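Student: Could you take me through one part of this model in detail, stating the cut-offs behind each term as you go?

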Amino acid sequence: MAKLLLHICCAPCTIYPLSFLKEKGFEVTGFFYNPNIHPEEEFVRRRDALYEFFRREVGEVIYFDYLPEDFFIRIEPELSPAERCPQCWRLRLEKTALYAQEHNFDYFSTTLLVSPYQDQAKLRTLGEELSQKYKVKFFFEDFRTGFREAHRKANEWGLYLQKYCGCVYSKLEREEAISQKKR
Ligand code: SF4
């Protein structure tokens, strides 16, 4: 059975890729490395939702502590989302690819491929680049087809659904959008 290391951004986005990959016959290990998430209470809520989800599912997950310095060392505050997000994906996927190489996984992939808010083409290019660098195959699939159904299930199961992408900048952007609507 091929071993696949799946970078996980949050529990709701894991529902569809995990069931898809298991059906394809992969042995999946989760990898929760998300230093982008702000603040720590939000990180804890997303991580705890994943604990809860994996009480339903059979599977191992590697959890990292809250490491915001990893994000802030790399991502400068003045960057636009178009510049910032690719660096944020790289930070998380590079760690995943490196771990996959060091622990003899056959493949790595990411639940970011489920989100209609992320750039699939750029994620794919990045995954393929890291695959070359770390000599581990990148598994690409357009998981967006399962996004709505997974979120319906997450609601039904009472899993925490976050209101913004993750970083402090996305939180502020959302708050600004809400306050503009109210004006
Ligand atoms: S908006 Fe999302 S993908 Fe972009 S930098 Fe923030 S957390 Fe990362």
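Tutor: A residue is called buried when its relative accessible area is under 20%, exposed when it is over 50%, and partly exposed in between, with a 1.4 Å probe and protein chains only. This is a predicted model, in which local features need pLDDT of at least 70 and side-chain atom pairs count only at pLDDT 80 or more, while totals for chains, interfaces and linings use all residues. Residues are numbered from 1 along each chain as its sequence is written, and side-chain values use heavy atoms, with hydrogens and water left out.

Helices (H or I, at least four residues) and strands (E, at least two) are DSSP runs numbered from the N terminus. In strand S1, four of the five residues are buried. S1 runs parallel to S2, with five bridges joining them, where strands pair if DSSP finds at least two bridges between them; Leu5 has Thr29 of S2 as its bridge partner. S1 is also parallel to strand S4 (residues 107-110), through four bridges, and here Leu6 is partnered by Ser109.

Helix H1 (residues 15-23) has Ile15, Pro17, Leu18, Phe20 and Leu21 as its buried residues, and these pack against S1 (3-7), S2 (27-32), helix H2 (40-56) and helix H6 (147-157). Just after H1, Gly25 adopts a positive phi of about 95 degrees.

Within H2 lies Glu42, which counts as buried because its relative accessibility is 7%. Apart from neighbours within four places in sequence, Glu42 is in contact with Ile37, Tyr160, Gln162 and Tyr164, contact meaning heavy atoms within 4.5 Å.
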